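These are my notebook entries on a structure that I looked up. Each entry records one topic.

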Amino acid sequence: MHLAGIQNPDLYMALWRGTLQCSPSDNIATWDWAVFQSPRVWQAHGDIVAATRPYLPGSFDRPPHNIAEKLTSGYKAVEFMTYLYGLGPAILLGVLPFRFWRNICKLIQGIRLMNQYKSEGVSAADLAEAHQLLVEFVVEFEDLYYQGKASRLHFCRQSVHAHVHLGPETENTGPYPIKSQWPIERTIGILGSQIRQPSKPFANMAQRAICRCQVNALKHMFPDIDPDIDRPLLPRGAYDIGDGYALLRYADRNDIRLANREAGVLRDFVRTRGLDVHPDWLAQPTVRRWARIQLPNGQIARAWKELEKPLDMSRYSRMVKVVCDDRIEIAEVQFYFLLKAGQDEDDRQHGFAMVSMWSPPDPQLLEWSSKCLWFCLPLPKEDDRLLRIISAKNIIAAVGMVPHSVDIIEDPELRNRLRGRWYMVPHLGQKLSSMASAPNGDEGNNGADDGGNDDG
């Protein structure tokens with residue numbers, strides 16, 4: 001938490017704004033990386049950051065505020081992390097000199113890989129890639145910023161060198177996210193809220209901690225007393241489709257007729273699968289649409305219902321990362337639905353999603369950014385080939401898709417190349433965040449579309 005969420009942003013903000021202590025033998029005018037010295041550029045950059053809020057899903061916790069206005073007045077660690085490791089590759093492209101941008105992209109991709117948290121831990125391949133990127137970042141940082149000058153030795157803080165040890169120490173002490181400060185701060189907050197004797201707060205907290213440890217020890221020794229510990233609690237009306245996925249309301253009260261394009265796609269899907277359906281249904285397909293789905297990582301992805309709210313009151317969560325034909329792609333969910341897709345003895349229905357696809361990422365920018373920057377184009381809605389039906393279990397995560405602003409990019413060629421493009425913002429350490437949230441809760445945003453019907 002402190003390395004990625006506080007120390008790295010603090011160093012880079014001081015470097016890029018030209019506020020880091022400068023030796024008398026040095027000259028800030030020679031710092032070609034200090035791109036935010038200009039108040040106009042800094043304010044425009046802050047406006048771009050603030051404008052991303054509606055496009056970041058509610059599961060991203062606090063969206064970053066205008067960093068030009070709030071940097072010194074309570075900017076949270078989670079805001080810094082979303083700003084630097086989520087938005088950073090896109091909003092710094094064309095602003096930082098190219099070699100400095102490529103260097104920071106290596107840090108961003110390395111931290112993203114290190115913050116993956118799964119039950120089996122970060123993979124060996126990802127760990128090796130992250131270690132290589134972070135080592136290259138440290139070496140290049142010294143060449144680009146420090147430049148072997150004694151007057152700039154204070155640029156090379158201990159936090160910079162610490163990145164070299166993240167990979168090897170993961171093999172010794174476990175994944176990087178579980179060693180962050182958030183779990184202990186969450187625990188302190190829970191214990192503090194349980195104090196019931198203000199006259200003896202510390203003694204009361206000690207007793208509450210003892211009780212919690214005793215309960216945890218009993219559950220560890222006798223797992224059967226808590227059989228649903230790994231099974232998420234679902235709200236009333238939800239439909240569990242297995243493997244940690246569940247459809248959540250709002251849902252249509254009755255089956256509805258689909259528009260011609262959607263009906264054609266569903267008809268082709270049924271025929272391709274060889275499903276046994278009534279000819280009348282095949283002539284005019286009808287489905288009951290669901291508006292939300294809970295994913296195994298704790299996120300809740302949405303669909304058409306969130307479009308009913310104005311942009312400034314929304315946190316769009318219908319953009320998802322999916323697996324299609326063994327490739328990772330970005331899609332916009334239109335709606336979720338249930339369909340009997342086999343000859344199951346229990347006549348169980350399976351979950352599917354009607355999605356429209358985004359273009360593949362720009363391959364050159366993907367390579368230059370060490371694979372951390374996905375620039376995509378929204379493809380024409382009228383192209384029927386872009387509308388697909390996928391299994392709901394092919395959805396990996398909800399992501400942000402943010403329209404790119406080229407306002408402060410000076411290179412005309414780059415401005416033209418990026419105009420009209422959107423970039424993907426993944427959530428850093430999603431699994432860790434879901435560990436601290438209520439299993440049956442929503443993200444606290446877009447709640448107006450949840451008060452649908454009561455007939456699950």
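I began with burial: a residue is buried under 20% relative accessible area, exposed over 50%, and partly exposed in between, with a 1.4 Å probe and protein chains only. By that rule, buried residues make up 48% of the 456 residues in the protein chain.

I noted the source next: this is a predicted model, in which local features need pLDDT of at least 70 and side-chain atom pairs count only at pLDDT 80 or more, while totals for chains, interfaces and linings use all residues. Residues are numbered from 1 along each chain as its sequence is written, and side-chain values use heavy atoms, with hydrogens and water left out.

Entry on the whole chain. I took helices (H or I, at least four residues) and strands (E, at least two) as DSSP runs, numbered from the N terminus. The protein chain has 14 helices and 14 strands. I counted a contact when heavy atoms lie within 4.5 Å. Among contacts between residues at least 6 apart in sequence, 67% join residues at least 24 apart.

Entry on helix H1. Helix H1 covers residues 2-17, and its 16 residues reach 21 Å from first C-alpha to last, close to the 22 Å expected at 1.5 Å a residue. The expected span is 1.5 Å times one less than the number of residues. I found a bend of about 25° at Asn8 in H1, with a proline, Pro9, following within four residues. The bend is the angle between axes fitted to the seven residues ending at a residue and the seven starting there. The buried residues of H1 include Leu3, Asn8, Pro9, Leu11 and Trp16. They pack against several helices, among them H2, H4 and helix H7 (158-173). Just after H1, Gly18 takes a positive phi of about 70°.

Entry on two helix pairs. Two packed helices are described by the angle between their axes and the distance between the axes. Axes are lines fitted to C-alpha atoms, for helices over the stretch in contact, and angles run from 0 to 180 degrees between N-to-C directions. The axes of H2 (residues 39-50) and H4 (residues 77-91) come within 12 Å and cross at roughly 115°. His45, Ile48 and Val49 of H2 meet Tyr83, Leu87 and Ile91 of H4. I sorted residues into nonpolar (Ala, Val, Leu, Ile, Met, Phe, Trp, Tyr, Cys and Pro), charged (Asp, Glu, Lys and Arg) and polar (the others, Gly among them). The contact of H2 with H4 has 5 nonpolar, 1 polar and no charged residues.

Helices H8 (residues 182-193) and H9 (residues 201-221) pack at about 115°, their axes 9 Å apart. Ile190, Leu191 and Gly192 of H8 make this contact with Met205, Arg208, Ala209 and Arg212 of H9. By class, I recorded 4 nonpolar, 1 polar and 2 charged residues there.

Which bond joins Arg249 and Tyr250? It is a cis peptide bond, with omega about 25°, and Tyr250 is found in strand E2 (residues 245-251). Asp326 has a positive phi near 65° and lies in the loop between strands E7 (319-324) and E8 (327-339). Asp326 is exposed, at 77% relative accessible area. Ser370 also has a positive phi, near 60°, but Ser370 counts as buried at 13%.

Entry on His404. This residue lies in the loop between strand E13 (400-403) and helix H13 (412-418). His404 is buried, because its relative accessible area is 10%. Among the residues that His404 touches are Ile91, Phe375 and Trp422.

Notes
Lists of a residue's contacts leave out its neighbours within four places in sequence.
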